[in-house]
Amino acid sequence: MRMYDLIVKKRNGNALSQEEINFMIEGYTNGQIPDYQMSAMMMAIYFQGMDKDETLALTMAMMNSGETLDLSDINGIKVDKHSTGGVGDKTSLALAPMVAACGVPVAKMSGRGLGHTGGTIDKLESFEGFCTSIETKQFKNQVNSIGIAIMGQTANLAPADKKLYALRDVTATVDNMSLIASSIMSKKLAAGADAIVLDVKTGSGAFMKKEEDAFALAKEMVDIGNGAGKNTVGIVTNMDEPLGYAVGNALEVIEAIETLKGNGPKDFTKLCLTLGSYMLVKGKKADTLEEAENMLKYAISSGKALDKLAEFVEAQGGNKEWVYDTSHFKQAEFVEEISSPTDGYVSQIICDEIGICSLILGGGRETKESIIDLSVGLILHKKIGDKVKKGESLATMYGNDKGKMETARGRFLKAYSFSKEQIEKPLLIKGIVGE
Ligand code: URA
């Protein structure tokens, strides 16, 4: 087999076989196929697309390019959740203890933030002493003993995807549906869960700005998951504004804790209940979504979900008292309000700009090596549809550098639009794919 012939085949619009895809991914991972040939192949795929069988074969080949996690010695049905990423998306922090408190084992690998989106691993490190780089053996033992563990992605998880993603990033071939779906799902499948609940974001703070693209991506990923024998569902959700009110690492952890105490923002609580209900049904802890939602609500009202978070924090080296008293989290030195320039209703928020404001304050990474400031960020007071008076606070900004705060303030104000007319609040759950 020759890579040259495979490029010609794809360039001419023909489907590649599983054998050919395996040859290409193996050769690229071990360095036998050079970047320039793979770049040409990626561009051919970009223009000609891949069918369902090819996309599944590509996913499996990338999944098998490195270590895969075998979770079979963890008791019960392991259900994973994946979000395609957004602003203020602290879902795993509340959802994982909620479903674990209801008996679904959570054995989760999570990532760090990059660009305008945050990552669960960074947020968890807001708990002083919290360790996310645990050994696989400890990870599994912990799930068996307390029902929950979250670790950072191991270095050798889907290495073909790592190499290919870096190549796509510099060859204008990221935004192809089959390539995105296979990239995400290769890592999810390598992480070993039995069932997968996907939260596919759409809107100005999401990777998929258009709703129809988010549904198409959800369908591709659900097809891959089911094709690989994992019970998979995709939930398309709104990211036209930040989720909840907090944006920034420790601030988001505190909001997740408040949610477990029953005081969470409406949209964030609803998202956790929706995703969690699917996780409980897929994990065979509830027969219906309604029953599952009631179980989750009870986990909150009884304090069991909060206690599960405390148990989890302690097991991974953090101080569980922080869960019960959030004043322990490191606070930023300066706190400033961002006032509304006008009367009216908030009509639009350029959501990724709010993520960038947090990044400017120091809460996100400009490069993979950047060290982030966990204490900074924003608490929004007004979201789409909210009435606001001139001079009223749109958000409170937490920072440690006045210059950065001024820059963030300017970006923030440009991200908000106002209308004299009343505006409807956006729909959070746009649809379900794969049920
Ligand atoms: N996230 C991924 O992991 N891969 C992509 O291709 C896009 C987003």
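Strand 6 and strand 9 run antiparallel and are joined by 2 bridges, with strands taken as DSSP runs of E of at least two residues and helices as runs of H or I of at least four, both numbered from the N terminus. Across this pairing, Ala 246 has Ile 379 in strand 9 as its bridge partner. The structure is a predicted model, in which local features need pLDDT of at least 70 and side-chain atom pairs count only at pLDDT 80 or more, while totals for chains, interfaces and linings use all residues. Residues are numbered from 1 along each chain as its sequence is written, and side-chain values use heavy atoms, with hydrogens and water left out.

Strand 9 (residues 377–380) is also joined to strand 11 (residues 393–399), by 4 bridges and in an antiparallel arrangement. Here Ile 379 stands opposite Thr 396, and Gly 377 stands opposite Tyr 398. Two strands are counted as paired if DSSP finds at least two bridges between them.

## The antiparallel sheet and its helices

These strands belong to an open sheet of 4 strands in the order 6-9-11-7, with antiparallel pairing. Strand 6 (246–247) and strand 7 (334–339) stand at its edges with a single partner strand each, so one side of each is left without a neighbour in the sheet.

Helix 16 (residues 351–363) lies across strand 6, strand 9 and strand 11, and runs at about 140° to strand 9. Helix 17 (residues 402–415) lies across strand 7, strand 9 and strand 11, running at about 25° to strand 7. Contact here means heavy atoms within 4.5 Å, and the angles, which run from 0 to 180 degrees between N-to-C directions, are taken from axes fitted to C-alpha atoms, for helices over the stretch in contact.

## Pairings of strand 8

Strand 8 (residues 344–349) runs antiparallel to strand 10 (residues 387–388), to which 2 bridges join it; in this pairing Gly 344 stands opposite Val 388. Strand 8 is also joined to strand 12 (residues 416–419) by 4 bridges, again in antiparallel fashion, and there the bridge partner of Val 346 is Phe 418.

Another open sheet is formed by 4 strands in the order 1-4-5-13, with mixed pairing. Strand 1 (79–83) and strand 13 (429–433) stand at the edges, and because each has a single partner strand, one side of each is left without a neighbour in the sheet. From one strand to the next, the twist averages 15°.

Within this sheet, strand 5 (residues 231–238) and strand 13 run antiparallel and are joined by 4 bridges. Ile 235 stands opposite Ile 432 in strand 13.

## The ligand and its surroundings

The ligand is surrounded by Tyr 165, Arg 168, Ile 180, Ser 183, Ile 184, Lys 187 and Phe 207, where a residue is near a molecule or strand if one of its heavy atoms lies within 4 Å of it. By class, this shell has 4 nonpolar, 1 polar and 2 charged residues, with Ala, Val, Leu, Ile, Met, Phe, Trp, Tyr, Cys and Pro counted as nonpolar, Asp, Glu, Lys and Arg as charged, and the others, Gly among them, as polar.

Taken alone the ligand exposes 240 Å², of which the protein buries 82%, with accessible areas from the Shrake-Rupley method with a 1.4 Å probe. Helix 8 (159–170) and helix 9 (177–190) are the elements that give two or more residues to the shell, and helix 9 gives the most, with 4 residues.
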